[in-house]
Amino acid sequence: MTLYRKYRPQKFSEVEGQTAIIQTLKNELSLGKIAHAYIFAGPRGIGKTTVARILAKAINCQNKKSVRERRLGKVEPCNRCVSCQEITAGRSLDLIEIDAASNRGINEIRALRENVRFAPQRDSFKVFIIDEAHMLTREAFNALLKTLEEPPPRTLFILATTEVHEVPETILSRCQRFDFKKLTVAEIEHRLAQILREEKRALNPEILRLIAIKADGGERDAEGILGQILSWPKKELKLSKVADFLGTVDWSLITDFVNMLASCDNAQAIRKVNEIVANGQDLFNFTDELIDYLRRMMLAKVQPALLDHAGLSFSAAQKEELVARAQNFSLKSLAYLVRLFMAAKNSLDAALIPQLSLELAIIEYSEAMGKVAEAQEKIQSPQLEEKEEKPSFPSLPDEYQKPIMNLEQVVGKWSEVLKTVEPLNYSLCAFLKLCQPVAFRDGSLVLGFPRDFHKDMVSQTRNKKIVEGVLDQILGGKWQIQCEKVELQQNNNLTREALEVLGGEIVK
Ligand SMILES: [Zn+2]
(Lines give C-alpha, C1' and ligand atoms only; values in the text may rest on other atoms or scores of the structure.)
Protein backbone atom coordinates (compact mmCIF):
# COMPACT_ATOMS: atom_id res chain seq x y z
CA MET A 1 0.00 0.00 0.00
CA THR A 2 1.29 3.48 -0.78
CA LEU A 3 2.21 5.74 2.11
CA TYR A 4 -0.44 8.20 0.96
CA ARG A 5 -3.17 5.61 1.41
CA LYS A 6 -1.63 3.99 4.46
CA TYR A 7 -1.40 7.29 6.34
CA ARG A 8 -4.44 8.97 4.87
CA PRO A 9 -5.85 11.25 7.59
CA GLN A 10 -8.99 9.80 9.17
CA LYS A 11 -9.82 12.82 11.31
CA PHE A 12 -9.84 16.58 10.74
CA SER A 13 -7.04 16.98 13.27
CA GLU A 14 -4.79 14.74 11.18
CA VAL A 15 -5.07 16.88 8.05
CA GLU A 16 -1.90 18.86 7.38
CA GLY A 17 -2.51 22.49 6.37
CA GLN A 18 -5.87 23.81 5.04
CA THR A 19 -6.49 25.20 8.52
CA ALA A 20 -9.14 27.76 7.57
CA ILE A 21 -11.19 25.21 5.61
CA ILE A 22 -11.05 22.63 8.39
CA GLN A 23 -12.06 25.24 10.95
CA THR A 24 -15.06 26.36 8.87
CA LEU A 25 -16.22 22.78 8.32
CA LYS A 26 -15.90 22.01 12.02
CA ASN A 27 -17.89 25.12 12.89
CA GLU A 28 -20.63 24.11 10.47
CA LEU A 29 -20.71 20.61 11.94
CA SER A 30 -20.84 21.93 15.46
CA LEU A 31 -23.77 24.20 14.58
CA GLY A 32 -25.42 21.44 12.54
CA LYS A 33 -25.38 23.75 9.52
CA ILE A 34 -23.91 21.60 6.79
CA ALA A 35 -24.55 22.81 3.23
CA HIS A 36 -26.24 20.63 0.60
CA ALA A 37 -23.33 20.91 -1.75
CA TYR A 38 -19.67 21.83 -1.50
CA ILE A 39 -17.07 22.41 -4.11
CA PHE A 40 -13.46 21.73 -3.12
CA ALA A 41 -11.17 23.48 -5.59
CA GLY A 42 -7.38 23.37 -5.79
CA PRO A 43 -4.35 21.55 -7.18
CA ARG A 44 -4.10 17.78 -7.19
CA GLY A 45 -2.81 15.73 -4.29
CA ILE A 46 -3.41 18.20 -1.47
CA GLY A 47 -6.22 16.48 0.40
CA LYS A 48 -9.52 17.47 -1.23
CA THR A 49 -11.04 13.97 -1.34
CA THR A 50 -9.46 13.12 2.00
CA VAL A 51 -11.30 16.01 3.65
CA ALA A 52 -14.47 15.07 1.74
CA ARG A 53 -14.33 11.56 3.20
CA ILE A 54 -13.72 12.80 6.72
CA LEU A 55 -16.71 15.10 6.33
CA ALA A 56 -18.83 12.16 5.12
CA LYS A 57 -17.69 10.19 8.14
CA ALA A 58 -18.33 13.01 10.57
CA ILE A 59 -21.95 13.49 9.55
CA ASN A 60 -22.64 9.76 9.50
CA CYS A 61 -20.76 8.70 12.62
CA GLN A 62 -23.03 6.54 14.77
CA ASN A 63 -21.39 7.58 18.00
CA LYS A 64 -23.67 10.56 18.02
CA LYS A 65 -22.51 13.47 20.02
CA SER A 66 -25.04 15.44 22.02
CA VAL A 67 -25.89 18.94 20.86
CA ARG A 68 -23.91 20.24 23.81
CA GLU A 69 -20.84 18.20 22.89
CA ARG A 70 -21.08 19.34 19.30
CA ARG A 71 -21.39 22.95 20.38
CA LEU A 72 -18.15 22.44 22.27
CA GLY A 73 -16.52 21.44 19.02
CA LYS A 74 -16.57 17.67 19.38
CA VAL A 75 -17.27 16.90 15.75
CA GLU A 76 -14.54 14.43 14.80
CA PRO A 77 -15.69 11.00 13.52
CA CYS A 78 -15.09 8.20 16.03
CA ASN A 79 -13.49 5.86 13.45
CA ARG A 80 -14.77 2.90 15.48
CA CYS A 81 -18.47 2.61 14.64
CA VAL A 82 -19.71 0.53 11.70
CA SER A 83 -20.39 3.60 9.56
CA CYS A 84 -16.92 5.08 10.12
CA GLN A 85 -15.22 1.76 9.49
CA GLU A 86 -17.19 1.09 6.32
CA ILE A 87 -16.21 4.46 4.93
CA THR A 88 -12.55 3.87 5.84
CA ALA A 89 -12.69 0.49 4.11
CA GLY A 90 -14.39 1.99 1.05
CA ARG A 91 -17.50 -0.18 1.25
CA SER A 92 -20.08 2.17 2.70
CA LEU A 93 -23.42 2.24 0.90
CA ASP A 94 -23.92 5.81 2.05
CA LEU A 95 -20.80 7.14 0.41
CA ILE A 96 -20.77 7.08 -3.36
CA GLU A 97 -17.60 8.23 -5.08
CA ILE A 98 -17.78 9.14 -8.74
CA ASP A 99 -14.67 9.71 -10.81
CA ALA A 100 -15.79 12.10 -13.51
CA ALA A 101 -12.46 11.72 -15.31
CA SER A 102 -12.96 8.05 -16.14
CA ASN A 103 -16.16 8.15 -18.19
CA ARG A 104 -17.30 11.71 -17.94
CA GLY A 105 -20.10 10.75 -15.62
CA ILE A 106 -23.30 10.56 -17.65
CA ASN A 107 -24.28 7.11 -16.47
CA GLU A 108 -23.13 7.81 -12.96
CA ILE A 109 -25.11 11.00 -12.70
CA ARG A 110 -28.15 9.25 -14.14
CA ALA A 111 -27.69 6.45 -11.62
CA LEU A 112 -27.07 9.10 -9.00
CA ARG A 113 -30.43 10.69 -9.71
CA GLU A 114 -32.06 7.28 -9.31
CA ASN A 115 -30.01 6.64 -6.24
CA VAL A 116 -30.92 9.91 -4.59
CA ARG A 117 -34.55 8.87 -4.53
CA PHE A 118 -33.84 6.00 -2.19
CA ALA A 119 -33.49 6.95 1.40
CA PRO A 120 -30.01 6.49 2.80
CA GLN A 121 -29.14 3.39 4.80
CA ARG A 122 -29.75 3.65 8.52
CA ASP A 123 -30.38 7.05 10.00
CA SER A 124 -27.78 8.81 7.92
CA PHE A 125 -26.77 11.05 5.04
CA LYS A 126 -26.09 9.90 1.53
CA VAL A 127 -22.85 11.51 0.45
CA PHE A 128 -21.78 11.83 -3.18
CA ILE A 129 -18.18 12.73 -3.83
CA ILE A 130 -17.65 13.69 -7.46
CA ASP A 131 -13.93 13.80 -8.16
CA GLU A 132 -12.55 15.77 -11.13
CA ALA A 133 -16.02 17.31 -11.36
CA HIS A 134 -14.97 19.67 -14.17
CA MET A 135 -14.74 16.62 -16.48
CA LEU A 136 -18.47 15.97 -16.39
CA THR A 137 -20.21 16.33 -19.74
CA ARG A 138 -22.79 19.04 -20.29
CA GLU A 139 -25.58 16.47 -19.99
CA ALA A 140 -24.13 15.21 -16.74
CA PHE A 141 -23.85 18.78 -15.43
CA ASN A 142 -27.48 19.41 -16.38
CA ALA A 143 -28.60 16.26 -14.60
CA LEU A 144 -26.55 17.26 -11.57
CA LEU A 145 -27.95 20.77 -11.67
CA LYS A 146 -31.52 19.45 -11.51
CA THR A 147 -30.59 17.49 -8.42
CA LEU A 148 -28.90 20.47 -6.81
CA GLU A 149 -31.90 22.68 -7.57
CA GLU A 150 -34.15 20.46 -5.50
CA PRO A 151 -31.75 18.83 -3.11
CA PRO A 152 -33.28 15.70 -1.60
CA PRO A 153 -33.21 15.66 2.20
CA ARG A 154 -30.25 14.04 3.93
CA THR A 155 -28.08 14.23 0.84
CA LEU A 156 -24.67 15.86 0.57
CA PHE A 157 -22.74 16.55 -2.62
CA ILE A 158 -19.03 17.24 -2.57
CA LEU A 159 -17.49 18.20 -5.89
CA ALA A 160 -13.71 18.13 -6.06
CA THR A 161 -11.92 19.78 -8.95
CA THR A 162 -8.52 20.98 -10.05
CA GLU A 163 -10.09 23.24 -12.71
CA VAL A 164 -12.83 25.14 -10.96
CA HIS A 165 -13.11 27.65 -13.82
CA GLU A 166 -14.42 24.84 -16.02
CA VAL A 167 -17.33 24.15 -13.70
CA PRO A 168 -20.49 25.96 -14.90
CA GLU A 169 -21.51 29.01 -12.92
CA THR A 170 -24.99 27.51 -12.38
CA ILE A 171 -23.39 24.64 -10.44
CA LEU A 172 -20.92 26.85 -8.57
CA SER A 173 -23.67 29.15 -7.38
CA ARG A 174 -25.36 26.24 -5.64
CA CYS A 175 -22.26 25.05 -3.83
CA GLN A 176 -20.34 26.33 -0.87
CA ARG A 177 -16.84 26.78 -2.23
CA PHE A 178 -13.53 26.03 -0.53
CA ASP A 179 -10.22 26.75 -2.19
CA PHE A 180 -7.59 24.27 -1.04
CA LYS A 181 -4.06 25.60 -0.98
CA LYS A 182 -0.76 23.98 -1.84
CA LEU A 183 1.04 22.93 1.31
CA THR A 184 4.06 24.92 2.42
CA VAL A 185 7.48 23.28 2.54
CA ALA A 186 7.30 23.33 6.34
CA GLU A 187 3.90 21.60 6.33
CA ILE A 188 5.12 18.88 4.01
CA GLU A 189 8.32 18.43 6.03
CA HIS A 190 6.20 18.09 9.16
CA ARG A 191 3.95 15.52 7.52
CA LEU A 192 6.86 13.48 6.16
CA ALA A 193 8.59 13.49 9.54
CA GLN A 194 5.38 12.18 11.09
CA ILE A 195 5.21 9.32 8.60
CA LEU A 196 8.86 8.47 9.24
CA ARG A 197 8.13 8.20 12.95
CA GLU A 198 5.21 5.87 12.24
CA GLU A 199 7.40 3.80 9.93
CA LYS A 200 10.17 3.80 12.55
CA ARG A 201 12.65 5.09 10.02
CA ALA A 202 15.09 7.97 10.11
CA LEU A 203 16.32 10.20 7.30
CA ASN A 204 18.56 13.23 7.04
CA PRO A 205 16.21 16.23 7.50
CA GLU A 206 17.85 17.80 4.43
CA ILE A 207 16.45 14.92 2.38
CA LEU A 208 12.96 15.66 3.68
CA ARG A 209 13.42 19.30 2.79
CA LEU A 210 14.54 18.40 -0.70
CA ILE A 211 11.49 16.17 -1.18
CA ALA A 212 9.22 18.88 0.21
CA ILE A 213 10.60 21.45 -2.21
CA LYS A 214 10.41 19.07 -5.15
CA ALA A 215 6.78 18.18 -4.37
CA ASP A 216 5.89 21.84 -4.86
CA GLY A 217 3.04 21.87 -2.36
CA GLY A 218 1.64 18.45 -3.31
CA GLU A 219 1.30 16.19 -0.30
CA ARG A 220 0.53 13.09 -2.34
CA ASP A 221 3.60 13.62 -4.54
CA ALA A 222 5.80 14.15 -1.49
CA GLU A 223 4.56 10.96 0.14
CA GLY A 224 4.97 9.09 -3.13
CA ILE A 225 8.60 10.16 -3.38
CA LEU A 226 9.23 9.30 0.27
CA GLY A 227 7.75 5.85 -0.27
CA GLN A 228 10.09 5.19 -3.19
CA ILE A 229 13.14 6.43 -1.34
CA LEU A 230 12.38 4.35 1.75
CA SER A 231 12.50 1.23 -0.40
CA TRP A 232 16.16 1.88 -1.29
CA PRO A 233 18.99 0.02 0.43
CA LYS A 234 20.06 2.00 3.49
CA LYS A 235 23.53 2.88 2.20
CA GLU A 236 21.98 4.60 -0.81
CA LEU A 237 20.06 7.05 1.36
CA LYS A 238 22.42 9.95 0.84
CA LEU A 239 21.49 13.54 0.14
CA SER A 240 23.36 13.60 -3.16
CA LYS A 241 21.71 10.36 -4.34
CA VAL A 242 18.27 11.68 -3.49
CA ALA A 243 19.02 14.98 -5.21
CA ASP A 244 20.06 13.07 -8.33
CA PHE A 245 16.95 10.91 -8.18
CA LEU A 246 14.74 13.98 -7.92
CA GLY A 247 16.55 15.61 -10.79
CA THR A 248 17.45 18.44 -8.49
CA VAL A 249 20.51 19.76 -6.77
CA ASP A 250 20.91 20.17 -3.06
CA TRP A 251 20.83 23.78 -1.99
CA SER A 252 24.22 23.77 -0.35
CA LEU A 253 25.81 23.13 -3.74
CA ILE A 254 23.98 26.13 -5.19
CA THR A 255 24.58 28.39 -2.21
CA ASP A 256 28.30 27.52 -2.17
CA PHE A 257 28.50 28.36 -5.83
CA VAL A 258 26.64 31.64 -5.39
CA ASN A 259 29.06 32.58 -2.60
CA MET A 260 31.93 31.96 -5.01
CA LEU A 261 30.28 34.24 -7.56
CA ALA A 262 29.76 36.90 -4.90
CA SER A 263 33.44 36.92 -4.07
CA CYS A 264 34.43 36.54 -7.73
CA ASP A 265 36.38 33.44 -6.81
CA ASN A 266 36.77 32.12 -10.35
CA ALA A 267 39.11 29.29 -9.53
CA GLN A 268 36.76 27.84 -6.92
CA ALA A 269 33.67 28.33 -9.07
CA ILE A 270 35.24 26.66 -12.09
CA ARG A 271 36.53 23.84 -9.91
CA LYS A 272 32.99 23.37 -8.62
CA VAL A 273 31.54 23.12 -12.11
CA ASN A 274 34.16 20.55 -13.07
CA GLU A 275 33.46 18.60 -9.91
CA ILE A 276 29.80 18.38 -10.88
CA VAL A 277 30.78 16.96 -14.26
CA ALA A 278 33.28 14.56 -12.70
CA ASN A 279 30.64 13.28 -10.27
CA GLY A 280 28.37 12.52 -13.20
CA GLN A 281 25.78 15.01 -12.00
CA ASP A 282 23.56 16.70 -14.52
CA LEU A 283 24.79 20.14 -15.58
CA PHE A 284 21.33 21.03 -16.92
CA ASN A 285 19.76 20.45 -13.53
CA PHE A 286 22.49 22.39 -11.83
CA THR A 287 22.13 25.34 -14.20
CA ASP A 288 18.34 25.28 -13.88
CA GLU A 289 18.53 25.32 -10.12
CA LEU A 290 21.18 28.01 -10.19
CA ILE A 291 19.05 30.24 -12.43
CA ASP A 292 16.07 29.58 -10.18
CA TYR A 293 18.11 30.58 -7.14
CA LEU A 294 19.49 33.71 -8.80
CA ARG A 295 15.97 34.66 -9.81
CA ARG A 296 14.80 34.27 -6.23
CA MET A 297 17.63 36.50 -5.04
CA MET A 298 16.70 39.04 -7.68
CA LEU A 299 13.08 39.05 -6.50
CA ALA A 300 14.22 39.26 -2.89
CA LYS A 301 16.34 42.23 -3.82
CA VAL A 302 13.39 44.01 -5.45
CA GLN A 303 11.22 43.25 -2.43
CA PRO A 304 11.41 40.24 -0.10
CA ALA A 305 7.59 40.02 -0.01
CA LEU A 306 7.66 39.11 -3.72
CA LEU A 307 8.99 35.70 -2.74
CA ASP A 308 5.66 34.85 -1.14
CA HIS A 309 3.70 35.73 -4.24
CA ALA A 310 5.81 34.19 -6.95
CA GLY A 311 4.56 30.66 -6.37
CA LEU A 312 7.89 29.67 -4.87
CA SER A 313 8.14 27.09 -2.18
CA PHE A 314 10.85 27.02 0.42
CA SER A 315 11.26 26.98 4.16
CA ALA A 316 11.42 30.09 6.33
CA ALA A 317 15.08 29.44 7.09
CA GLN A 318 15.91 29.17 3.40
CA LYS A 319 14.08 32.39 2.69
CA GLU A 320 15.98 34.24 5.40
CA GLU A 321 19.25 32.86 4.11
CA LEU A 322 18.38 33.88 0.57
CA VAL A 323 17.41 37.43 1.48
CA ALA A 324 20.68 37.78 3.40
CA ARG A 325 22.73 36.40 0.53
CA ALA A 326 21.05 38.77 -1.91
CA GLN A 327 22.62 41.62 0.08
CA ASN A 328 25.96 40.66 -1.45
CA PHE A 329 24.76 41.63 -4.91
CA SER A 330 23.30 44.67 -6.54
CA LEU A 331 20.02 44.24 -8.37
CA LYS A 332 21.77 44.92 -11.66
CA SER A 333 24.43 42.33 -11.08
CA LEU A 334 21.76 39.73 -10.23
CA ALA A 335 19.85 40.51 -13.41
CA TYR A 336 23.14 40.24 -15.28
CA LEU A 337 23.91 36.87 -13.68
CA VAL A 338 20.48 35.49 -14.60
CA ARG A 339 21.02 36.54 -18.21
CA LEU A 340 24.55 35.14 -18.30
CA PHE A 341 23.54 31.73 -16.98
CA MET A 342 20.43 31.54 -19.13
CA ALA A 343 22.64 32.06 -22.16
CA ALA A 344 25.09 29.51 -20.78
CA LYS A 345 22.30 26.98 -20.36
CA ASN A 346 21.21 27.45 -23.95
CA SER A 347 24.66 26.64 -25.23
CA LEU A 348 25.25 23.66 -22.90
CA ASP A 349 24.02 21.30 -25.58
CA ALA A 350 26.05 22.66 -28.43
CA ALA A 351 29.33 22.91 -26.55
CA LEU A 352 32.02 20.35 -27.23
CA ILE A 353 33.02 20.55 -23.58
CA PRO A 354 29.77 20.71 -21.65
CA GLN A 355 31.06 22.78 -18.74
CA LEU A 356 32.69 25.36 -21.00
CA SER A 357 29.67 27.62 -21.28
CA LEU A 358 29.36 27.77 -17.49
CA GLU A 359 33.05 28.51 -17.12
CA LEU A 360 32.68 31.34 -19.59
CA ALA A 361 29.73 32.75 -17.69
CA ILE A 362 31.73 32.70 -14.46
CA ILE A 363 34.63 34.52 -16.04
CA GLU A 364 32.47 36.99 -17.89
CA TYR A 365 30.78 37.94 -14.66
CA SER A 366 33.91 38.39 -12.62
CA GLU A 367 35.51 40.25 -15.51
CA ALA A 368 32.57 42.59 -15.54
CA MET A 369 32.98 42.93 -11.82
CA GLY A 370 36.49 44.11 -12.48
CA LYS A 371 38.30 41.14 -11.01
CA VAL A 372 40.42 40.37 -14.02
CA ALA A 373 43.51 39.45 -12.06
CA GLU A 374 41.97 36.33 -10.59
CA ALA A 375 40.67 35.20 -13.95
CA GLN A 376 44.21 35.44 -15.30
CA GLU A 377 45.46 33.10 -12.62
CA LYS A 378 43.07 30.40 -13.70
CA ILE A 379 42.92 30.80 -17.44
CA GLN A 380 45.59 32.44 -19.53
CA SER A 381 43.80 34.35 -22.21
CA PRO A 382 45.44 37.25 -24.05
CA GLN A 383 42.40 39.51 -24.16
CA LEU A 384 42.02 39.23 -20.42
CA GLU A 385 45.46 40.57 -19.67
CA GLU A 386 44.60 44.21 -19.29
CA LYS A 387 45.36 45.62 -15.91
CA GLU A 388 42.73 47.35 -13.87
CA GLU A 389 43.47 50.74 -12.47
CA LYS A 390 41.83 52.23 -9.51
CA PRO A 391 39.99 55.35 -10.61
CA SER A 392 41.60 58.47 -9.24
CA PHE A 393 39.90 61.76 -8.56
CA PRO A 394 41.06 65.33 -8.77
CA SER A 395 41.14 67.14 -5.45
CA LEU A 396 38.84 70.05 -4.95
CA PRO A 397 40.37 73.55 -4.69
CA ASP A 398 42.05 74.31 -1.37
CA GLU A 399 39.70 77.11 -0.36
CA TYR A 400 36.88 74.54 -0.52
CA GLN A 401 38.35 72.62 2.36
CA LYS A 402 37.95 73.29 6.02
CA PRO A 403 40.23 70.66 7.45
CA ILE A 404 39.39 69.39 10.93
CA MET A 405 41.84 66.59 10.49
CA ASN A 406 44.41 66.20 7.77
CA LEU A 407 42.74 64.73 4.66
CA GLU A 408 45.84 62.66 4.01
CA GLN A 409 45.46 61.03 7.39
CA VAL A 410 41.90 60.08 6.50
CA VAL A 411 43.00 58.68 3.15
CA GLY A 412 45.77 56.78 4.91
CA LYS A 413 43.20 55.06 7.10
CA TRP A 414 40.76 54.47 4.25
CA SER A 415 41.58 50.83 3.58
CA GLU A 416 41.01 50.12 7.25
CA VAL A 417 37.61 51.81 6.96
CA LEU A 418 36.75 49.60 3.98
CA LYS A 419 37.84 46.46 5.80
CA THR A 420 35.59 47.33 8.71
CA VAL A 421 32.58 48.11 6.50
CA GLU A 422 32.92 44.94 4.40
CA PRO A 423 31.54 42.41 6.90
CA LEU A 424 28.77 44.86 7.84
CA ASN A 425 27.55 45.41 4.31
CA TYR A 426 29.32 43.89 1.35
CA SER A 427 27.76 46.04 -1.37
CA LEU A 428 28.19 49.25 0.61
CA CYS A 429 31.87 48.41 0.82
CA ALA A 430 31.95 47.88 -2.94
CA PHE A 431 30.52 51.38 -3.43
CA LEU A 432 32.99 52.89 -0.99
CA LYS A 433 35.88 51.33 -2.86
CA LEU A 434 34.92 53.54 -5.79
CA CYS A 435 34.95 56.78 -3.85
CA GLN A 436 37.67 58.87 -2.35
CA PRO A 437 37.68 61.31 0.57
CA VAL A 438 38.14 64.63 -1.23
CA ALA A 439 37.53 67.44 1.22
CA PHE A 440 36.10 68.70 4.48
CA ARG A 441 33.07 70.94 4.39
CA ASP A 442 30.76 72.27 7.12
CA GLY A 443 32.27 69.86 9.58
CA SER A 444 31.62 66.90 7.28
CA LEU A 445 33.97 64.69 5.34
CA VAL A 446 33.16 64.92 1.63
CA LEU A 447 33.34 61.66 -0.32
CA GLY A 448 33.73 61.97 -4.08
CA PHE A 449 32.01 59.41 -6.31
CA PRO A 450 32.41 58.82 -10.04
CA ARG A 451 28.68 58.19 -10.51
CA ASP A 452 25.40 59.45 -9.13
CA PHE A 453 24.22 55.91 -8.57
CA HIS A 454 26.95 55.13 -6.04
CA LYS A 455 26.70 58.53 -4.47
CA ASP A 456 22.97 57.98 -3.96
CA MET A 457 23.44 54.49 -2.56
CA VAL A 458 25.94 55.60 0.06
CA SER A 459 23.82 58.69 0.82
CA GLN A 460 20.92 56.52 1.98
CA THR A 461 20.45 57.18 5.68
CA ARG A 462 21.02 53.58 6.67
CA ASN A 463 24.28 53.32 4.71
CA LYS A 464 25.45 56.75 5.79
CA LYS A 465 25.01 55.75 9.43
CA ILE A 466 27.13 52.64 8.90
CA VAL A 467 29.96 54.65 7.31
CA GLU A 468 29.83 57.35 9.97
CA GLY A 469 29.82 54.75 12.72
CA VAL A 470 32.88 53.08 11.24
CA LEU A 471 34.66 56.44 10.87
CA ASP A 472 33.94 57.19 14.54
CA GLN A 473 35.42 53.85 15.40
CA ILE A 474 38.53 54.01 13.20
CA LEU A 475 39.36 57.72 13.30
CA GLY A 476 37.93 58.60 16.69
CA GLY A 477 35.55 61.46 17.40
CA LYS A 478 32.19 62.10 15.80
CA TRP A 479 32.05 61.97 12.02
CA GLN A 480 29.58 63.09 9.40
CA ILE A 481 29.84 62.49 5.69
CA GLN A 482 28.55 64.18 2.56
CA CYS A 483 28.57 62.43 -0.78
CA GLU A 484 29.00 64.11 -4.10
CA LYS A 485 29.82 63.30 -7.68
CA VAL A 486 33.25 64.22 -8.99
CA GLU A 487 34.68 63.80 -12.49
CA LEU A 488 36.19 60.39 -13.10
CA GLN A 489 39.47 60.48 -14.95
CA GLN A 490 39.64 58.58 -18.22
CA ASN A 491 40.15 54.94 -17.37
CA ASN A 492 40.86 51.88 -19.47
CA ASN A 493 38.14 50.42 -21.69
CA LEU A 494 37.52 47.30 -19.71
CA THR A 495 36.64 49.21 -16.57
CA ARG A 496 34.28 51.45 -18.46
CA GLU A 497 32.58 48.46 -20.08
CA ALA A 498 32.21 46.85 -16.71
CA LEU A 499 30.79 50.09 -15.38
CA GLU A 500 28.27 50.12 -18.20
CA VAL A 501 27.18 46.56 -17.58
CA LEU A 502 26.87 46.78 -13.85
CA GLY A 503 26.00 50.37 -13.32
CA GLY A 504 29.48 50.92 -12.10
CA GLU A 505 29.83 48.41 -9.36
CA ILE A 506 33.49 47.56 -9.17
CA VAL A 507 34.85 45.59 -6.31
CA LYS A 508 38.53 46.32 -6.68
ZN1 LIG B 1 -18.07 6.69 13.97
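In the predicted model, Cys 78 has a relative accessibility of 13% and therefore counts as buried, since the limit for this class is under 20%. Cys 61 is likewise classed as buried, because its relative accessibility is 4%. Both residues belong to the metal site. The zinc ion is coordinated by the SG atoms of Cys 61, Cys 78, Cys 81 and Cys 84, at 2.3 Å. Along the chain, the donors of the zinc ion follow the spacing C-x16-C-x2-C-x2-C. Cys 61 is placed in the loop between helix 3 (48-60) and helix 4 (67-71), whereas Cys 78 is placed in the loop between helix 4 and helix 5 (82-89), so the pair ties together parts that are 17 residues apart in sequence.

For four tetrahedral donors the ideal angle is 109.5 degrees. Around the zinc ion, the four donor atoms subtend angles of 98 to 120°, and the arrangement is therefore tetrahedral.

Aromatic contacts were examined next. A pair of aromatic rings is described by the distance of the centres and the angle of the planes. The count comes to 10 aromatic pairs. One of them is formed by Tyr 38 and Phe 40, which are tilted, with 6.2 Å centre to centre and 55° between the planes. Tyr 38 counts as buried because its relative accessibility is 0%. Phe 40 is also buried, with a relative accessible area of 0%. A further pair, Phe 128 and Phe 157, is stacked, at 5.1 Å centre to centre and with 15° between the planes. Phe 128 lies in strand 3 (residues 126-131) and Phe 157 lies in strand 4 (residues 155-161), so this pair ties together parts that are 29 residues apart in sequence. Phe 128 and Phe 157 are both buried. Tyr 38 and Phe 40 also belong to one aromatic cluster, together with Phe 178 and Phe 180.

Rolling a probe the size of a water molecule over the atoms shows where empty space is left. The count comes to one cavity of 30 Å³ or more. The volume of the largest cavity is about 50 Å³. Its lining consists of Tyr 4, Pro 9, Val 15, Glu 16, Ile 46, Gly 47, Thr 50, Val 51 and Glu 219. By class, five of the lining residues of the largest cavity are nonpolar, two are polar and two are charged.

Two residues other than glycine with positive phi values were noted. Glu 132 has a phi near 55° and is placed in the loop between strand 3 and helix 8 (138-149). Glu 132 is partly exposed, because its relative accessible area is 23%. For Asp 216, phi is about 50°, again a positive value in a residue that is not a glycine. Asp 216 is found in the loop between helix 11 (205-215) and helix 12 (219-230). With a relative accessibility of 33%, Asp 216 counts as partly exposed.

A separation in sequence and space was also recorded for Leu 196 and Gly 227. Leu 196 belongs to helix 10 (residues 185-199) and, at 5% relative accessibility, counts as buried. Leu 196 and Gly 227 are 31 residues apart in sequence, and the distance between them in space is 9.9 Å, C-alpha to C-alpha.

Conventions: Residues numbered from 1 in each chain as written. Predicted model: local features only at pLDDT ≥ 70, side-chain atom pairs only at ≥ 80, totals over all residues. Heavy atoms only, no water. Donors = N, O, S within 2.8 Å, 3.2 Å for Na, K, Ca; no water. Tetrahedral: all angles 85-135°; square planar, octahedral: opposite > 155°, others 65-115°. Helix = DSSP H or I, 4+ residues; strand = E, 2+ residues; numbered from the N terminus. Buried < 20%, exposed > 50% of the residue type's maximum accessible area, 1.4 Å probe, protein only. 1 Å grid on protein atoms, 1.4 Å probe; cavity = no way out; pocket = protein on both sides within 12 Å on 5 of 7 lines; lining within 4 Å. Points joined across faces, edges and corners; volume = space filled by probe spheres on them. Nonpolar A, V, L, I, M, F, W, Y, C, P; charged D, E, K, R; others polar. Phe/Tyr/Trp six-rings, centres within 6.5 Å; stacked < 30°, edge-to-face > 60°.
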